[in-house]
Amino acid sequence: MAVLCLFGVLALGLAACGEEDEGGGGSSGGKAQGTELTIYSSLPLQGTSKEQSEAVIDGEMLALQQAGNKIGKYTIKYVSLDDSTAQNPGTADEAQTADNARKAVQDPTTIFYLGEFNSGGTKVSLPILNKAGIPQISPSNTAVGLTTDEPGADPGEPDKYYPAGTRTYARIVPKDTIQGAALATTMQEDGCKTVHIFNDKTTYGAGLGRNVENSAKELGLEVTGNDGTDRNAPNYRSLAEGIKADCFVGSGVTGENYIQVFKDVAAANPDIKLYGPDGVAEAAFTDPKEGGIPADVGARTKVTVATLSPEEFEKQGIEEAESFFSAFEEEYGIAKPDPYAIYGYETMKLALDTLKAVGDKANDRKAVVDQLINNTKGRKSVLGTYDIDENGDTTLTDYGLYTIDGGELTFDKVIKAKG
Amino acid sequence: MWDFISKYGLIALLVAFPLTYAIIDVAGGEGLSRIGNNLVAGLSNGAIWALIALGYTLVYGIIELINFAHGEVFMIGSFTAFALYSVLGLTLVTGPLGLVLGLLVVLVLSMLVSGSLNVMIERVAYRPLRGAPKLAPLITAVGVSFILQNVGILWFGSSQKGIPDLIRAQQELFNIGGVEVSRADVLAVVVTIPLVYLLTAFVNRSRLGKAMRATAQDPEAARLMGINVDTTISVTFLLGGLLAGAAGLIYALYQTNVWYFQGFTAGLIAFTAAVMGGIGNLRGAVLGGLIIGIIQQISDNRIGNEWTPAVVFAYLVLIMVFRPQGLIGEETREAG
């Protein structure tokens, strides 16, 4: 076959071997080779999301370390990849992300792919990995269209991400229909009557913007606009001057120039209440010393993140979370880690527990995918007890509401989303 | 007939955009304050583009090179200004006198850094290619642009960086009939007007300015008349760099945000402004910058920020169709 393929390459060009090559170490749903299995992590390690990504990696490595880098007879190797580039920092660069996914596909020992951090990146890596039958878990993706065709999804989603016709992708954060409802619920509770939304036009930002819009309308709030923003615009002053609302949602990520967006909206509308999603829940956005929004703008801003404070986990009696925070402090000396550390931990823990559950078949991608998507039920985790549904979505729905105090995210309360 | 359309059609085209919205505002009972605010923001933004556009137009006028690295020279100016904030101890609590003096020092140093950088680029990357096919220096310019972007990444990282709002840029300074004029608006215009005046006076009245104009018309004839063409070209790059440095500081104060990629975006806008005004023409570059600034702000406010680049370039295409030589013609060797 290899010889035929070589002739094919010489005679017809690289496309002749495309499908076999993407299958790499094994065709769709095949077996990983040897007793060493590799788990790839793909996250943006440059730019504004660097700190969050590093927190995810710390969490992932802690879980792997606790397992002694072994599951049954298999040794687990961890490979961390960067899906951002210097020219496209803070988010997944499409070409780099595709390279990362292909690298995992071409490695015959690959058994899991953990990523991407950004939904726009997963749009690129998911079809490549799905075709090769490699199970994928994201610690942070929230875009609706990755798993369902519910409101907020684009036409053709999610089927276009699953060329193999089966689901191979799961995520442990609630999708944006939940975050959109959480933001709308918060605004309603804060007395907002009218809402204006800016979205960064990415898969994540535009999708979440639509979800906020739908939820806000359901709750009786008037949505005065949902405008896309150009990342390269020098400023958004005139756009911000057009806002006629008492509340504003910046549905975007820090790396899409959302520090400038929040500064300009706050300056043009001195009384407006500001809300941001998990895409801006990072020091690069919240801390003026890191080049984030000024303190006076931070004081007017609330942020939703799908994670709770250590105290809240304790209050809810989630012992696994308490253990995680103790172990994290012991390992890294940080008592209150970045909100995404616990998601990194749970991503890896879910992957390892899935491998453990299939026993000797831990090298069988098909068996692993089946276990992950169809048999993750009533899972007691650091995030609470949840299922992975048939679409790959978590059944968790709690969102944490954070204020910004002294440049840091400060947990305020749990939001039980309505709508 | 075509001349008539070219001349008056263009004026109608340019005026139509704000006029339409002014009529809509008045009819809707909003008065003229909204369009007034759009124009003020447009003029102040446009002033920054004008300063950068002058650098493009100066260089093109004299050696017919599109200096793609010019946007990055402007970016380095912004970075230098930001770095000097901490060197000079300029913070949010610095008093007015200290701030004014400090910013004057920052202005001079940023201009010198950008000016020197531009001269160095010319000496190292463009001068050896003076007799080469035109594509060679063009590609070299793109290369220098990428090198400087990476210098920017090494210096302040690859993310947008919010910087201290030293002048409270968006604080209202005065208000005329509902039209708000902020500190940033005044700063942009107050710095730009004297610089443009000085540049124009230098080019029109000084010996070196005459040498620049002579070199722009015919470098060989200028050389035969005893003009040191190499020095003249270096001075041209120095002037463009000085203006880019000034624009860098104004941008940092105005936007309170710096980014390694800001030069690419600003460079594209400023180059468009230079082409729109008539590349090679100083007044044209300023006019183009101001027009683009106004179009951007009206589009941002009325149509949507995501459509603004398309609106600006639609205008450029229309202007090129009406007047291929730009708004004020092209005072270069080719145009005579």
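Across the interface of chain B and chain A, zero salt bridges are found by the rule, a salt bridge being a side-chain nitrogen of Lys or Arg within 4 Å of a carboxyl oxygen of Asp or Glu. The structure is a predicted model, in which local features need pLDDT of at least 70 and side-chain atom pairs count only at pLDDT 80 or more, while totals for chains, interfaces and linings use all residues. Residues are numbered from 1 along each chain as its sequence is written, chains are lettered from A and ligands numbered from 1 in the order in which they are written, and side-chain values use heavy atoms, with hydrogens and water left out.

At this interface, 33 residues of chain B are in contact with 34 residues of chain A, contact meaning heavy atoms within 4.5 Å. About 2500 Å² is buried between chain B and chain A, 40% of it on carbon and sulfur atoms; buried area is the accessible area (1.4 Å probe) that two parts lose on being put together, summed over both. In chain B, the most area is lost to chain A by B:Gln160, B:Gln170 and B:Asn305, together 24% of what that side buries.

Over all chains, the structure holds 22 salt bridges. In chain A, the side chains of A:Glu213 and A:Lys217 form a salt bridge at 3.1 Å, N to O, and these residues are separated by about one helical turn because they stand four residues apart in helix H7 (residues 203-218) of chain A. Helices (H or I, at least four residues) and strands (E, at least two) are DSSP runs, numbered from the N terminus.

Within chain B, helix H3 (residues 70-87) and helix H9 (residues 229-255) pack at an angle of about 55 degrees, with their axes 7 Å apart; axes are lines fitted to C-alpha atoms, for helices over the stretch in contact, and angles run from 0 to 180 degrees between N-to-C directions. H3(B) is therefore oblique to H9(B), given that angles under 35 degrees count as roughly parallel, over 145 as roughly antiparallel, 65 to 115 as roughly perpendicular and the rest as oblique.

H3(B) also packs against helix H10 (residues 262-277) of chain B, at an angle of about 130 degrees and with the axes 7 Å apart, so that H3(B) and H10(B) are likewise oblique to each other. Among the residues that meet there are B:Phe74 and B:Met75 in H3(B), and B:Phe264 and B:Ala266 in H10(B).
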